[in-house]
Amino acid sequence: MACKLVLVTGASSGIGAAFAREFARHGWDLAVVARREDKLQALAAEMKAQHGVDTLVITADLADPQAPQQIVDAVAQAGRQIDGLVNNAGAGQPGHFCKTEWDDQARFMQLMVTSYLKLMHLTAPGMAQRGFGRIINISSVSALVPIAKAHTRYSGTMYPGIKALLIKASEALGAELRDQGVHVTAVAPGYTWSEFHDVNGARETVSNVPGYWMLKAEDVAASGYDAVERGVPLRVPGAFYKFMTGLARILPDPAARALMARQEKTMDGK
Ligand SMILES: NC(=O)c1ccc[n+]([C@@H]2O[C@H](COP(=O)([O-])OP(=O)(O)OC[C@H]3O[C@@H](n4cnc5c(N)ncnc54)[C@H](OP(=O)(O)O)[C@@H]3O)[C@@H](O)[C@H]2O)c1
């Protein structure tokens, strides 16, 4: 009998590649999605050699509204069903909101939100019908703390709001499907070593943050896998970020904002 299969978007680097490795380590077959096919093929070969699992490589641009349906069709054409989904693909949308073209903002939302919701809409009903499913949506600590200008400058003004939507959407879909064996978890990482800050131009700024702020992608993935298996709706990986987001919840707004302003100075090297 074939193993369960998890679809991981943005698996060509960083957190997505780490999730693919984590699921493969637990015996899952993979369907991996990104634009860079060579990276996906290399991951597929690595997972076959290390864990003996099969991988479907699917190249797609998730900013294209047709992509989610095409991805799900490609998995079906290979004769497989989707038992797990890790919605992870993403990149920042640097630049002042008022000075960027609406088309760029719309592509950003297609990649960061609509493709996530569409992939859940396409795959969750089958999981519920079969009585088993695991869905992870990659959010961000920026959704759980007051706004810092660095988030808006490099990741995009809408980034924290988009990531906040994923937390509520995960919680709500998880509640809807709880009795049908489908677990839905939002994973909200803080700063994580990956290509993300090279792509959005924030590498120099991020290099100013203390080392203990930086997470490893493999630790984020291990924490996320553990959370979805336990049916936890929201997981913030790492002790520092658990403390920081917990503090933001209990502090009065002005105090939490002052804390973020202090963080901003650290990032600017002041
Ligand atoms: N790194 C952090 O500090 C951090 C913190 C919190 C949350 N996150 C979130 O974590 C997720 C993964 O980011 P990461 O840190 O692992 O960054 P990364 O190393 O840059 O990985 C991003 C992945 O998304 C894929 N991707 C980007 N645009 C795509 C598109 N249009 N179509 C298909 N795939 C696309 C990239 O593949 P291709 O370029 O090959 O297409 C790559 O595999 C993102 O949702 C990000 O918002 C990151």
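Predicted model: local features only at pLDDT ≥ 70, side-chain atom pairs only at ≥ 80, totals over all residues.
Q: Where does Ser223 lie, and what does Ser223 touch?
A: Ser223 is in helix α9. Helices (H or I, at least four residues) and strands (E, at least two) are DSSP runs, numbered from the N terminus. Leaving out residues up to four places away in sequence, Ser223 touches Arg235 and Pro237. Contact here means heavy atoms within 4.5 Å.

Q: Switching to aromatics. How many aromatic pairs are there?
A: The structure holds 8 aromatic pairs. Rings of Phe, Tyr and Trp (its six-membered ring) pair if their centres lie within 6.5 Å; planes under 30 degrees apart count as stacked, over 60 as edge-to-face and the rest as tilted.

Q: What sort of pair do Trp28 and Phe132 form?
A: A tilted one, 6.2 Å centre to centre with 35° between the planes. This pair links distant parts of the chain, 104 residues apart: Trp28 sits in the loop between α1 and β2, and Phe132 in the loop between α4 and β5.

Q: And how buried are those two?
A: Trp28 has 6% relative accessibility, so Trp28 counts as buried. Phe132 is at 23% and counts as partly exposed.

Q: What about Trp213 and Phe240?
A: Their ring centres are 5.7 Å apart and the planes are at 15°, so that pair is stacked. Trp213 is in the loop between α8 and α9, Phe240 is in helix α10, and the two are 27 residues apart. Trp213 is buried at 8%, while Phe240 is partly exposed at 23%.

Q: Which residues form the aromatic cluster?
A: Tyr191, Tyr212, Trp213, Phe240 and Tyr241 form one cluster.

Q: New topic, helix packing. How do α1 and α2 pack?
A: Helix α1 (residues 14–25) and helix α2 (residues 37–51) pack at about 25°, with their axes 10 Å apart. That makes α1 roughly parallel to α2. Axes are lines fitted to C-alpha atoms, for helices over the stretch in contact, and angles run from 0 to 180 degrees between N-to-C directions. Under 35 degrees is roughly parallel, over 145 roughly antiparallel, 65 to 115 roughly perpendicular, and the rest oblique.

Q: Which residues of α1 and α2 make that contact?
A: Ala17, Ala20, Arg21, Ala24 and Arg25 of α1, with Leu43, Glu46, Met47 and His51 of α2. They divide into 5 nonpolar, 1 polar and 3 charged. Ala, Val, Leu, Ile, Met, Phe, Trp, Tyr, Cys and Pro count as nonpolar, Asp, Glu, Lys and Arg as charged, and the others, Gly among them, as polar.

Q: And how do α4 and α6 cross?
A: The axes of α4 (residues 102–130) and α6 (residues 159–177) come within 11 Å and cross at roughly 10°. That makes α4 roughly parallel to α6. The contact residues divide into 16 nonpolar, no polar and 1 charged. Among them are Phe108, Met112 and Tyr116 in α4, and Ile162, Lys163 and Leu166 in α6.

Q: Now strands. Where is Leu85, and is Leu85 buried or exposed?
A: Leu85 is found in strand β4 (residues 84–87) and counts as buried at 1% relative accessibility. Leu85 and Leu7 are 78 residues apart in sequence, and 4.8 Å apart in space, C-alpha to C-alpha.

Q: And which strand holds Asn137 and Ile135?
A: Asn137 lies in β5, and Ile135 lies in β5. Asn137 is buried at 0%, and Ile135 counts as buried at 0%. Leaving aside neighbours within four places in sequence, Asn137 contacts residues including Asn87, Tyr116 and Ser170.

Technical notes: Residues numbered from 1 in each chain as written. Heavy atoms only, no water. Buried < 20%, exposed > 50% of the residue type's maximum accessible area, 1.4 Å probe, protein only.
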